[in-house]
Amino acid sequence: MTTDQFLRVEMLPALHGDCLLVEYGDSARSRRLLIDGGPIATYPHLEARLNALPAGDRRFELVVISHVDCDHVEGIVRLLANQPLPIRVIDLWFNGWRHLVAGGHLLGGQQGEFLSALIVRRFEQGQWNGAFAGQAVVVPEQGPLPEQTLAGGLRLTLLSPTPTTLDTMRDAWQADLGAAIAPGDLDAAWRRLAQRKAYLPGQGLLGTTPELDTLLERQLKVDRAAANGSSIAFLAEFAGKSCLFLADAYHQVIGESIKRLLRQRGQTLLRVDAVKLAHHGSAGNISDELLALIDCPRFLISTNGSRFRHPDAEAMQRIIARSLHQPPTLCFNYDSQTTRPWASAELQKQLNYRAEYNPRPDAPYLIDL
């Protein structure tokens, strides 16, 4: 890495969810990608961050919709509903119904109809999973892990999902099908959405309304375990810096992919500068086996704990005790009831770890790798 090259991660205030803006480049040019958009209530933070970008430079090399849980996807739905789009997107990764069923229709269960309709209306055909030739974003059962290098040199190595976890998601999606709109009937889905008061002729979706909140909550509800397993997760590397972005992925899947990657590279440990923890620091998404594969100084936790009480104390304790890098640093984008106990100076000294908090709770938490 030259002196002016950088890789930065911003955890936006996304309540109990994820909304991450990644920037990389040098003094001559900054490039970026967006990972998830948080729940509906936090969309104003994403909108403000995008509005703060230079008017002539709102290009995103990639937008990743990791999976269809509401706390990851609703802000993206809001973003894509704007007409015209306030940003320029080169590629968008999202596994919709068409990617879960061979030869399947465009639309799937209720939680995917709205999002898929928006993607089709807002993007060219080659922009949806463009790096995968329009097919599913998935780790093959055998062979090298998929890699994609974005413009400017950011290398992404896919770690999740697998064909098995996508199969599980397909079954859950199928179970969520409703009778209101037949799968594949894009025009009917769009007409139904257009009848909502949140839509204004010629202007697209504007603002937030209780009616829209209820609509999105209903449409995006899905078996959470299946959705988590379908998470798009990857390793990002640029100019000697790196970060694992794990969405809500299963620790077993991530661990097996990292083992494959280490074999490919002839290494025994994956050294990264940060890990964005899966599932907001849930105890069910981190394990001793996974931590034994990673040498990392910083663990990023995106949640205010308002739902599901994340992060779990067991997960934080496991990281502190099992991290190969000592002392590890826990980076919280909220100082909340569930994260505040880790701020104790006495506890940090006793257990040998560090805790850092977003200095501006209503602004993005910037981590310079």
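**Close-up views of a strand trio and a helix**

View 1. Leu7 stands opposite Tyr24 in strand E2. Keep in mind, as you explore, that this is a predicted model. The strand pair on show is E1, residues 6-11, together with E2, and the two are antiparallel, with six bridges between them.

**View 2. Strand E2 and its two faces.** Let's stay with E2, which covers residues 20-25 and is mostly covered, with six of its six residues buried. In a regular strand, side chains alternate between the two faces of the sheet. Here, Leu20, Val22 and Tyr24 point one way from E2, while Leu21, Glu23 and Gly25 point the other way.

**View 3. The hairpin of E2 and E3.** Now look at strand E3, residues 30-35, which runs antiparallel to E2 and is joined to E2 by six bridges. How many residues lie between E2 and E3 in their hairpin? There are four residues between them.

**View 4. Helix H9 from end to end.** Helix H9 has 15 residues, 251-265, and its end C-alpha atoms are 21 Å apart. Among the buried residues of H9 are His251, Ile254, Ile258, Arg260 and Leu262.

Definitions and conventions
Residues numbered from 1 in each chain as written. Predicted model: local features only at pLDDT ≥ 70, side-chain atom pairs only at ≥ 80, totals over all residues. Heavy atoms only, no water. Expected span 1.5 Å × (residues − 1). Buried < 20%, exposed > 50% of the residue type's maximum accessible area, 1.4 Å probe, protein only. Pairing = 2+ DSSP bridges.
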